[in-house]
Amino acid sequence: MPIPFNINEHSYLQPISNKLLAEKNITLNIKRDDLLHPVISGNKWRKLKYNLARMQQQGKTELLTFGGAFSNHIHACAAAGKEFNLVTHAIVRGPDLDLNNPTLKFAKQCGMQLHAVNRLEYRQRNDKAYLSALQARFPNAYILPEGGTNEFALEGCKELAQSLPEHDYLICPTGSGGTLAGLIEGSSNKSTLLGIAVLKQADYLRDEIRALSPRAKSQNNWQLLTQFHDGGYGRFTSELWQFCQYMLQQYQLPLEPIYSGKMMYALWQLINNDYFPSGSKIIAIHTGGLQGLDGLKYRGLV
């Protein structure tokens, strides 16, 4: 599929060295996908890339998607609209919108049209009849699911996996399951993939991942770890936030405590608890989402 919309996709591997890793004889590199683009970064670009190509293939000129008021996905879609001169719409879980919220403020500045709906309507976001009605209302729009996860999103994440050097373990934060499913599709059988669920009661995601990825059904080289949610989606302990600050000070690695910070904190605990054999080569994916820090500051949470 030709890609009409592009950004520089170079992101480097940042090696992490310290006493703990040396003691455990573990090599750790961070794939800095947060640096793909100043605002359309990490897994949000990986998921958007082939969806934008599909959008053009279908002759659509507008992008419509869904999200909460602080959504990384809404932020990235709005930025893509500005970058590539697209009309963008967001169905936002409301019913009221605080336009001083930094995510929504940014989206409006990018020209995104925000459509607030009540929570009852928002729950219909995956309902076929509701989506058909939206398509009739916005005939020129390519409709993208909440979080950007679909079969075309997987292509970008698969590409990411195929770009990596040899490793024993590949680890990423997991929200909707799309990034992990795409990484499974693109990874060697010699690699073990670990998804760190960032929400509570996430066991259902295993079935979602298998539904997205044919390889996830047939391969047993992946796991979803659900015990590191740290209180649930959007929640985190002071210990996790202190860990994020430590990683920034010690390694110049910026983290937010919702996705990549939660994943890195889980990884540290796994290393401490001898989860990985001696000699293991680990790559951790920084999936971006740093815009979320502004929202946490706005709400007085950090």
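In the predicted model, N85 is exposed, with a relative accessible area of 72%. This residue, N85, is placed in the loop between α3 (72-84) and β4. Its backbone has phi near 60°, a positive value in a residue other than glycine. Q201 is likewise not a glycine and has a positive phi of about 50°. The loop that holds Q201 runs between β8 (192-197) and α9 (205-212), and Q201 is exposed, with a relative accessible area of 73%.

A cis peptide bond is found between G94 and P95, with omega about 10°. P95 belongs to the loop between β4 (87-93) and α4 (102-109).

The protein chain as a whole contains 13 helices and 10 strands. Its radius of gyration is 19 Å, close to the 19 Å given by the globule rule for 302 residues, so the chain is as compact as a globular protein of that length. The C-alpha trace spans about 60 × 45 × 35 Å along its principal axes. Of the 302 residues, 55% count as buried. Among contacts between residues at least 6 apart in sequence, 72% join residues at least 24 apart.

The chain exposes about 13700 Å², of which carbon and sulfur atoms supply 46%. The 31 positive and 25 negative charges have mean positions 2 Å apart.

An unreviewed UniProt entry annotates residues 19-288 as "domain: Tryptophan synthase beta chain-like PALP". Over residues 19-288 the chain is 44% helix and 18% strand, and the end C-alpha atoms are 27 Å apart.

Note on methods
Residues are numbered from 1 along each chain as its sequence is written. This is a predicted model: local features need pLDDT of at least 70, side-chain atom pairs count only at pLDDT 80 or more; totals for chains, interfaces and linings use all residues. Side-chain values use heavy atoms; hydrogens and water are left out. UniProt positions are given in the numbering used here, feature names are shortened, and annotations may be inferred rather than shown by experiment. Helices (H or I, at least four residues) and strands (E, at least two) are DSSP runs, numbered from the N terminus. The radius of gyration is taken over C-alpha atoms; the globule rule is 2.2 Å times the number of residues to the power 0.38. Buried means under 20% relative accessible area, exposed over 50%, partly exposed in between (1.4 Å probe, protein chains only). Contact means heavy atoms within 4.5 Å. Accessible areas come from the Shrake-Rupley method with a 1.4 Å probe; for residues, only the protein chains shown count as cover. Lys and Arg count as positive and Asp and Glu as negative; His and the chain ends are not counted. The place of a charge is taken as NZ of Lys, CZ of Arg, CG of Asp or CD of Glu.
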